[in-house]
Amino acid sequence: MAKIQKGGAVSRVLSSTPTITAGAYSANDLVGGKISLTPAARLVSLPSNIIPTATIINVILTDKSTQASNTDVIFWSADPSATTFTDNAALTVADADLLNIIGIVTVNSWTTFAANSVGTTTSAVTFPYQLASEASTLYASLITRGTPTYASTSDLTLRVQMYWD
């Protein structure tokens, strides 16, 4: 996890490598399970009426299998515990978790190399979020929009850059 301080804001890059299926996915399938990104907000002693906020500024997906499949990254401000996350199946979001979705970023710009690829977004990412009081985890999930076939259960890594207020 990298940390850069600029003025009062702190930049962090959080990373997670979800366990995925070594094999084929259908379009619109969940890739991996529920992803936890911690710490996703500045953890300081604050008065009880102030909740830490942050802003996601960049999303990068690395792909060791060079599948370069466009992928939606769904971000959740609280644990989407009512939703069942089943790898390699369509994601059905529980009604109780809908209001926890704080944004969706599409990774749709890929650079491929000889044996791997890196994807990011074609548009700027700048959306603020606020976690539940005293929470430090931001949740994410990956939905493929293509039909990738991954070679290993650790082929994808999600990296999220954010500024903590």
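A salt bridge is a side-chain nitrogen of Lys or Arg within 4 Å of a carboxyl oxygen of Asp or Glu. The model discussed here is predicted.

Q: Why is the pair of Lys 34 and Asp 79 called a salt bridge?
A: The closest N and O atoms of Lys 34 and Asp 79 are 2.6 Å apart. The cut-off is 4 Å, so the pair qualifies as a salt bridge.

Q: What makes this pair a tie between separate parts of the chain?
A: Lys 34 lies in strand 3, residues 30–37. Asp 79 lies in the loop between strand 5 (71–76) and strand 6 (101–107). The two parts are 45 residues apart in sequence, so the pair ties them together.

Q: Why do Lys 34 and Asp 79 count as partly exposed?
A: Partly exposed is the band between buried, under 20%, and exposed, over 50%. Lys 34 has 35% relative accessibility, so it falls in that band. Asp 79 has 32%, so Asp 79 is partly exposed too.

Q: How many salt bridges does the structure hold?
A: It holds two.

Q: How do you know that Arg 145 forms a salt bridge with Asp 72?
A: The closest N and O atoms of Arg 145 and Asp 72 are 2.8 Å apart. That value is within 4 Å, so the pair is a salt bridge. The pair links distant parts of the chain, 73 residues apart. Arg 145 is in the loop between strand 10 (138–144) and strand 11 (156–164), and Asp 72 is in strand 5.

Q: Are Arg 145 and Asp 72 buried or partly exposed?
A: Arg 145 has a relative accessible area of 39%, so it is partly exposed. Asp 72 is at 10%, under the 20% limit, so Asp 72 counts as buried.

Q: What makes Ile 104 exposed?
A: Its relative accessible area is 52%. Exposed means over 50%, so Ile 104 qualifies.

Q: Where is Ile 104 found, and which residues is it in contact with?
A: Ile 104 is found in strand 6. Leaving aside neighbours within four places in sequence, Ile 104 is in contact with Asp 72, Val 73 and Ile 74.

Q: How many aromatic pairs are there?
A: The count comes to three aromatic pairs.

Q: Why is the pair of Trp 76 and Phe 85 called edge-to-face?
A: The ring centres of Trp 76 and Phe 85 are 6.0 Å apart, within the 6.5 Å limit, so the rings pair. Their planes stand at 75 degrees, over 60, so the pair is edge-to-face. Both Trp 76 and Phe 85 are buried.

Conventions. Residues numbered from 1 in each chain as written. Predicted model: local features only at pLDDT ≥ 70, side-chain atom pairs only at ≥ 80, totals over all residues. Heavy atoms only, no water. Phe/Tyr/Trp six-rings, centres within 6.5 Å; stacked < 30°, edge-to-face > 60°. Buried < 20%, exposed > 50% of the residue type's maximum accessible area, 1.4 Å probe, protein only. Helix = DSSP H or I, 4+ residues; strand = E, 2+ residues; numbered from the N terminus. Contact = heavy atoms within 4.5 Å.
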